[in-house]
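The tour below goes from one selection to the next and says what is found at each stop.

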Amino acid sequence: MTNLATLLGKPVNDAEIEAASASVGLTPRAFHGRAGDDPRLKVLRSNGSIDVVACPGSGKTTLLVAKLAILAGRWTLPTTGVCVLSHTNVARIEIEKRLGAYPAGRAILSYPHFVGTIHAFVNQFIALPWLRSQGIDVVAIDNEICLQRRWSKLKHKQRKAVERTGRGKELLKIVDARHDLGEINWAKGRLGKRKDMYRAFVSACSATTQEGYFCHDDMMIWAAKALDENPEILTAVRRRFPVLFLDEVQDNSEEQSLIIRRVFTEGQGASLRQRFGDMNQAIYGRANETSGAHSDSFPDPAITIAVPNSHRFGSQIATLANPLAIDPPGLIGLREHHEDDRGKQAAILLFDAAEPISVLPAFADFLINRFSALECTNAAFAAVGAIHRDTGRNNTPNCVAHYWHGYDQDLSRTAERPATFLGYLRRGIAEAGLSGDLRPIVEWTADGLIRLASLLNLSVRYPTHANRHRQFLRLVEHDPATVRRYETLCWKLASGELPADSTAWQPWKKPAAEIAEVLLGGAAAHEAETFLTWQDELTVDGVATRHGNIFLFPSAAPAVRVKVGSIHSVKGETHLATLVLDTHYKGSHFARIKDWLTGEKAGISSTSKKVELEKSLKQHYVAVTRPSHLLCLAMRRDALSEAELGMMRARNWMIGDIVEKRIAWRA
């Protein structure tokens, strides 16, 4: 690997940094800082293994892409590449979009390099090749399809017994390669491994494995088994990818981190690894899990480079947000505000418990009065809460949906597939409306048709592809008539011709099924009526909310648009103004963290961590660090005492009471 040593051993010079800065749309010396001591400069110059702890708004993705741009400009190895892994598809897409914007960066998007999620990497390079070598033809890697197939293996009485416990198909997940499901909570304690029910579960998992059906997390299990039996895989992967970048590393699970560490860094011949993340923003995780991967913890103090400077917001929001971090980074807000606006970037909006629906109109009215008409038209605004779906508890409001009757809880599940083909079409239209780009329509339509084909015949395999539209066209390129029907369908959707009721929907079902049957290539087609069924659209005052979860104000002639959703849905985003809504899970989130909001406490010591408190702090740290100019918290009028409100006012929070959907500011 002499050539690699030459590429990485040569110090990164200012010319390379300035070129990379220009490639990501910044001024030539943007990474240097005013005094030439910006910590991002150290990251760009480092050619060794490092852990970059980047605060919200520090430009982490921009920094990573600039780093890749420098490498792309140097790279000359024809069969050896850079591996860039992220936890989510959202992060992967953002990296691809940034890299694809300039010629040198595009090279990283193709062979011999790899940019993708951890799951995609493990599938492509380890798990799938090994499974096929064992004679297992992988038909589908899909939680819904796999669990449904396992569920069908159980006898009717067994399924009824599971349903009586309040549990479901989620029980049928593999824990290890021996199909050991671990300890299962049952009606009366644990379900022992010698019980007939447990054995039925194991038999169902084993059968679907042989048939080629898997859940996403199963692939980590088979990858680990592949490495156990074929240690030479490590050598091959490290030879192909001697440099590894990990983005959003704080969200990686223990299983993912174990595999990545084992593949790239354990033992001799380790790949060079640079990780980017922020443990204070680790909000993706499983139940009762807050600390992420513990066997390969991030960051490693010996190689940490901290980037506490945020270009997103100014000093006021930085000061208010910093205590909510589990390990406060000493946030530095670099954005400068106009003299008249200084100290006016944060507000508490108090409302009556019976009137949560007054909050969004009051917030929107505030935006119209605070910002210019041009800003209201073009800027991003959001209203978010920790819990977006009704928890069924008595506390009101306990979720985002209680603040707006037009909130579509299913549409917000961007990480999950819609339940129906109509849901795919609506998702595409909603996303196109937000972006002003027609691509979401063709992507979701193609994905829905491929999904329909997979349900018509579960034995036909459709590998996951980043561009579903392109994949669809390749699958039907032999049939020009089907291509035209697909294009006509997309054109109708783009023109706003989506059916408005179940009667108008009926003529759409048969053509969709016929297009999907062409995808099957002659294989037998079964029934998929449930997937093609009509679903009534959510309405407010009799009007369909086809614009997605966007609150329009005023509704007749909108002057401002506010994206409404969960905190998870806006992670990584920047807004001109963000409204954080109080929600309930085992109590009010704001009540749980009020000592951190008032400034009485900051962070959590390792000896006093509590699961729900840590989750609340992490989620709301993410939420309050989204806005560049205005942060608002909406809470019930009885959430804080007058003394506590006084403490908030002392920290420069403006306090306002919502009265008849407008804000009356307190002196």
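Predicted model: local features only at pLDDT ≥ 70, side-chain atom pairs only at ≥ 80, totals over all residues.

**Stop 1: the parallel sheet**

Select β1, β2, β3, β8, β9 and β10. These 6 strands form an open sheet with parallel pairing, and the order across it is β3-β2-β8-β9-β1-β10. The edges are β3 (114-117) and β10 (304-307), each of which pairs on one side only. Ignoring direction, neighbouring strands in this sheet are turned by 15 degrees against each other on average.

Opposite Leu246 you will find Arg275 in β9.

**Stop 2: Asn123**

Go to residues 118-133, helix α7, and pick out Asn123 within it. Is Asn123 buried or exposed? Its relative accessibility is 13%, so Asn123 counts as buried, the cut-off for buried being under 20%. Leaving aside residues up to four places away in sequence, Asn123 touches Leu128, Pro129, Ile141 and Met219.

**Stop 3**

Select residues 196-211. This is helix α10, with 16 residues; from first C-alpha to last it reaches 22 Å, close to the 22 Å expected at 1.5 Å a residue. Show the side chains of its buried residues: Met197, Tyr198, Ala200, Phe201, Ala204, Cys205, Thr208 and Thr209. A helix has 3.6 residues a turn, so residues three or four places apart point the same way. What do the buried residues of α10 pack against? Their partners are α8 (143-153), α9 (156-164), β5 (184-186), β6 (189-191), β7 (213-214) and α11.

Move on to residues 218-229, helix α11. At 1.5 Å a residue its 12 residues should span 16 Å, and the end C-alpha atoms are 17 Å apart, which agrees. The buried residues of α11 are Asp218, Met219, Met220, Ile221, Trp222, Ala223, Ala226 and Leu227. Met219 was met at the previous stop, as a contact of Asn123.

**Stop 4: the mixed sheet**

Select β13, β14 and β17 to β22. Here 8 strands form an open sheet with mixed pairing, in the order β17-β18-β14-β19-β20-β13-β21-β22. Its edge strands are β17 and β22 (662-665), each pairing on one side only. From one strand to the next the twist averages 25 degrees.

Strands β17 (residues 550-553) and β18 (residues 560-566) run antiparallel and are joined by 4 bridges. Between β17 and β18 lies a hairpin of 6 residues, and Phe553 has Val560 in β18 as its bridge partner.

Further in, select residues 381-385 and 575-581. These are β14 and β19, paired in the parallel sense over 5 bridges. Gly385 stands opposite Leu581 in β19.

Next take residues 346-351, strand β13. How many of its 6 residues are buried? The count is 6 of 6, and the strand is mostly covered. Ala346, Ile348 and Leu350 point one way, whereas Ala347, Leu349 and Phe351 point the other way. In a regular strand, side chains alternate between the two faces of the sheet.

Both neighbours of β13 can be shown in turn. With β20 (residues 627-636), β13 runs parallel over 6 bridges, and Phe351 stands opposite Arg636. With β21 (residues 654-659), β13 pairs in the parallel sense over 4 bridges, and Leu350 has Asp657 as its bridge partner.

**Stop 5: helices α19 and α20**

Finish with residues 468-476 and 480-494. The axes of α19 and α20 come within 9 Å and cross at roughly 150 degrees. Angles over 145 degrees count as roughly antiparallel, and α19 and α20 are therefore roughly antiparallel to each other. At the contact, His469, Phe472, Leu473 and Val476 in α19 meet Thr482, Val483 and Tyr486 in α20. By class, this contact has 5 nonpolar, 2 polar and no charged residues.

Key: Residues numbered from 1 in each chain as written. Heavy atoms only, no water. Pairing = 2+ DSSP bridges. Helix = DSSP H or I, 4+ residues; strand = E, 2+ residues; numbered from the N terminus. Buried < 20%, exposed > 50% of the residue type's maximum accessible area, 1.4 Å probe, protein only. Contact = heavy atoms within 4.5 Å. Axes fitted to C-alpha atoms, helices over the stretch in contact; angles between N-to-C directions. Parallel < 35°, antiparallel > 145°, perpendicular 65-115°, else oblique. Nonpolar A, V, L, I, M, F, W, Y, C, P; charged D, E, K, R; others polar. Expected span 1.5 Å × (residues − 1).
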